[in-house]
Amino acid sequence: MQTVLPNFFFYLLAAIILFSAFLTITRRSAVHSAIWLVITLLGVAGLYLHLEAEFLAAVQVLVYIGGITVLFLFVIMLVNLDEAAKERQFNRHWALAMICAGVLLLELVFFIAKGEQAFYFAEPAGGTLQPNTQLIAYALYRDYMLPFELASLLLLVAMIGAVVMAKKDLT
Amino acid sequence: MQIPLPPAIAPYFWPVVYGVILLAVFPLAAGYIVLLERKVMADIQARLGPMRVGPHGLLQPIADAVKLLLKEDIIPELTDKWVFWISPIISVVTALVALFLIPMSDKLPVPDLNIGLLFILSLTSVGILGIILGGWSSNSHYPLLGALRSTAQLVSYEVALGFAIVGGLMVAGTLSMQEMVRNQLAQGVWFVFYQPVAFLIYFIAALAETNRAPFDMPEAESEIVAGYHTEYSGFRFALYFLAEYSNIVIVCSIATTLFLGGWLRPFPNVRALDFLNYFPVIALAGLGAFCLLGAAREARTIEKLGMAGLGGALILMGLACLLPGVLPAVEGLFWFIAKVCLGLYTFIWIRFTLPRYRYDQLMRIGWLWLIPLAIANVIVTGVVMMLWQ
Amino acid sequence: MPEEKPPVVPKPGEAPAAPAAATSAAKAAPEAKAHPEKPAAVAPSGPVGEPWTGEIVEALHKTFPEIAIQAFTYLTQNYLIIPRESVVPVAMFLKTELHFNLLADLTAADYPKREKRFEVVYQLYSFSRNERLRVKAPVGEQESIESVIPVWSGADWMEREVYDMFGIRFEHHPNMKRILLPDEWEGYPLRKDYGILQQDERWVRENLHIESGQ
Amino acid sequence: MATSTPQATFLDANEIVINMGPQHPSTHGVLRVILKLDGEKVMGTECIIGYLHRGVEKIAENRTYVQFAPYVDRMDYVAAVSNGLGYCEAIEKLLNAEAPPRARYVRTILTELNRISSHLLWLGTHALDLGAITPLFYTFREREEILKIFENYCGARLTTHAFRIGGLQYETYDGFEEQVKAFCDYFPPKVDEYETLLTGNRIWLERTKGVGILKADEAIDMCVTGPVLRASGVKWDLRKAKPYAAYAELDFDIPTGPNGDTFDRYFVRMEEMRQSIRIVRQAVAKIPEGPIMGKVPKIMKPPVGEIYHSIEAPKGELGYYVVSDGSTQPYRVRVRPPCFINLQALDRMCRGHLVADVVAIIGTIDIVLGEVDR
């Protein structure tokens, strides 16, 4: 039971994620896609929980579902996507997409074949029930301070850029 | 807890029982919150409110519930059926799960997540999906406008709400709901006194988060009829209603836990005020006596009996608290509920006193005042805490 | 268009007092001299007033020598009868020069026995004079009248109502359709030949699904 | 906003056409407004009216002068007394008769009370539109006192048919003056109460100031009258300009507003209620003894002629244009409805504002659909 149950949950979540991800890209209605995307993201959050990364799971839900998907939906409602839905859903870059997918597949096969040795695992941080929220904080604000700040700066730049572009459109 | 349980299910048993009880009781409680709202509204507006069903309308929530459940389930022709069907469920499920995680008392078997508050917030943010999808799937203009308004409003105010909570969290030093209360006990002070600005911002943002006046544009009936749930009726409407009131209770509970000392009585460390521990007894008995007095004024015999019975029951409950071991068990819960009710009363009071903001004004308040203020509060708190150390 | 309508002759320098209305007035202001004194032929059933003279009338006569303006007074209320073609210039003059800046009301009345069946009635008011003035313009059954929206924007709905109730068309009205009754309604209820129990039975049947019967 | 290229359709925010009414909580009746929205911004409005059209003017031509009097109450049913006053005075003028002084004073008192009750109804619903739920109940509490006076006087509360051509049907009841005086003492503190709820409220100010501005020249151009016109700064009130009933002998002020926005319209009406109380107080004090019915023939046959008489109804200038052909029935009765004409200004006031403001503006025009449609 100790080993069966976690594995069962993993495969269940993986199946849900794959299934809903597939539906996300095949739905004609953008809103339906968004709903399936929500389920995909929930599945990912479930995986995080499964890995005992509660903080990450909660943030995944808060940011991706509560924030980003809601904004997606908001934009979908504002923009006239009904017209777009009637047009062709797939564009001409399918060859490129196939190549990318092929590469990805190769990669997957390679890692699966190679097994665990392909990865370098950090030592699990000390203790069992150490609140991992704190660990994340240490990682983000102490160990990887510079990359984190750079990433946030990048996001800030992107946001300012978006605002500037939107403003220009208005005038 | 004396029942022997197999170890595999032992950690899950009592929380599940609690969850089931909550699921069964809360809809009724929400009905009574509505009754409370109507009664307070009536009092503010110089009238009586519901008086017909039961003494002083005390059975009104049940009548309302029966009415809502028996109504025809209408799904309009051109809606997106599946989405229309699932939206209220998303809203209500997330709200109830979040409610389940709120420690109303240290005696209740509530799972103590180490990310408790964050988890509750993430759940409520998923609840927004129910609103936006419900508005969209109705395939009608007013719900769509309502959904757009709500989304913009909820997403914006979530930021302010989050920053206000961060202010409180910095003082609390934990995300666990129960740990927060224990820290307040340890420090001997409610965090509202450390973080008055954060509490104020939290309260305003909470009004907006729950679509309450003066920020109730998403369902401003004089502008966009009923907002996102215009097309809903009967049971589905009841679900939205339940979700809405659950959310109100949740935000009040978070405020209580984070800022107002959760299940603690006022000044928990001052021995001289120990008599406050008997507050449940006094309150229940007082309420009972009030009911008995009211019973004398009732016109119809059945209402006289009902009122007297209620009064008697309340007094008995108050006396039962005096039995050994009962008082410590219920005291926390009692204080928690009292504080939440205070929050609810304030919500209702504000609703019936203030006019409604306009949509753009709401946004301006959120982005130009609340969020900068909340961020400033976080920075000031951080600086002060650094200096203090 | 019926034969009784006077020939449309563009008028040379007709409206010096009304530059704003000149464009609209020039097109639809046919020659009034065709029958200078006829429009005031008051039918026996109509109201009778006494002739009225005053500075307003003089000013009008001076500005519009070629227009037959008749002035009366009844129960201390003054009114003018002007030919329908000159409504806009006269109105513009009354508004700008004589300060009748409020169009209090615009309506019509139906006198089937008269040669020109309808009478469009303008109730004007001047804030500075604290004085009312009624201007009436007879309009024949097949005739239309120029809209006074260029002079008073508020005439919009009132003209639509007159059209709705009497069937008098207002030329150059931006939105000349029924206002109170449904757009497809047949008949004009405030005409005298429209009975009080009468209704557009076809419309009622088709839209309300009831056999009309009162 | 119609776009030609697909890209533009794809990226542009939709222009939504929203149908507000005829069943809508804040169109104050069966008004239907078609709003063209860009997001929530109003690009244009179109009013569809006529749902309550009963052909009052046609009915008038088929009733005798006396028979038609109750019908006018059904137009602006909130201010039935004012409607009756206008009609009775118009016919009296046509008959060359006059109501005796006592009748004129009683008429003034009742009409002013009616103005207060109309304004109270407006205030309650207007506040409700802006989300302040409570004032409605307060205003109805006070309105009830006025309706009680009406009920005691003529037996009806809403469509009172209080006056008759030539004067009054009923002498005032015992205690009429005391009741009216008591109301005059009771009411002003209540107005202050409303003002504490609303006037100083920041939210109220933000919702009303600068919303739906109608400048004075625009207002006159749109033929707007009544409080809406006065809020635009035009100091014009028919009670002063062309006094009727007993107004010539009473002293009162005409409140005006500086900006012509929603707040000014609100404020003008609040002030008018106070002025009405002032008028009522004076009128009750001055009310003369004497007959209540003037000399009018039993069978009314006004001489051939026509009359336009207008009064300052709570909503604006209420005019009656009556044409007589010498028979017992009016040849033509035209009612100049203040609401109908004021409502026209809605489009001009709304453009560029948000949906929420449309509601505020409709409320502030103070329309009664019974009168808009007649």
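Trainee: How many residues of chain A are in contact with chain B?

Mentor: Two residues are in contact if their C-beta atoms, placed from the backbone, lie within 7 Å. Here, 18 residues of chain A are in contact with 21 residues of chain B. This is a predicted model: local features need pLDDT of at least 70, side-chain atom pairs count only at pLDDT 80 or more, and totals for chains, interfaces and linings use all residues. Residues are numbered from 1 along each chain as its sequence is written, while chains are lettered from A and ligands numbered from 1 in the order in which they are written.

Trainee: Which elements of chain A give two or more residues to that side?

Mentor: Helices (H or I, at least four residues) and strands (E, at least two) are DSSP runs, numbered from the N terminus. On chain A, the elements are α2 (30–50) and α3 (54–78). The largest share, 13 residues, comes from α3(A).

Trainee: What classes of residue does the side of chain A that touches chain B have?

Mentor: Ala, Val, Leu, Ile, Met, Phe, Trp, Tyr, Cys and Pro count as nonpolar; Asp, Glu, Lys and Arg as charged; the others, Gly among them, as polar. This side has 14 nonpolar, three polar and one charged residues.

Trainee: And chain D with chain C: how many residues are in contact?

Mentor: 32 residues of chain D meet 31 residues of chain C. Elements of chain D that each supply at least two residues include α2 (56–61), β7 (316–324) and α13 (338–343). β6(D) gives the most, with five residues. By class, the chain D side divides into 13 nonpolar, eight polar and 11 charged.

Trainee: How is chain D divided into domains?

Mentor: Domain bounds come from an automatic or database domain assignment. Chain D has domain 1 (6–47) and domain 2 (56–373). Their C-alpha centres lie 32 Å apart. The contact takes 15 residues from domain 1 of chain D and 18 residues from domain 2 of chain D. On the domain 1 side, β3(D) gives the largest share, five residues.

Trainee: Which residues have the most contacts inside the largest nonpolar core?

Mentor: A nonpolar core is a set of buried Ala, Val, Leu, Ile, Met, Phe, Trp, Tyr and Cys residues joined through C-beta atoms within 7 Å. Buried means that 20 or more other C-beta atoms lie within 10 Å of the residue's own, again placed from the backbone. The largest core has 290 residues. Those with the most contacts inside it are B:Ala160, B:Ala164, B:Tyr202, B:Ala205, C:Leu124 and C:Ile168. A second, separate core of eight residues includes B:Leu284 and B:Cys321.

How values were computed
Buried ≥ 20, exposed ≤ 12 C-beta atoms within 10 Å, placed from the backbone.
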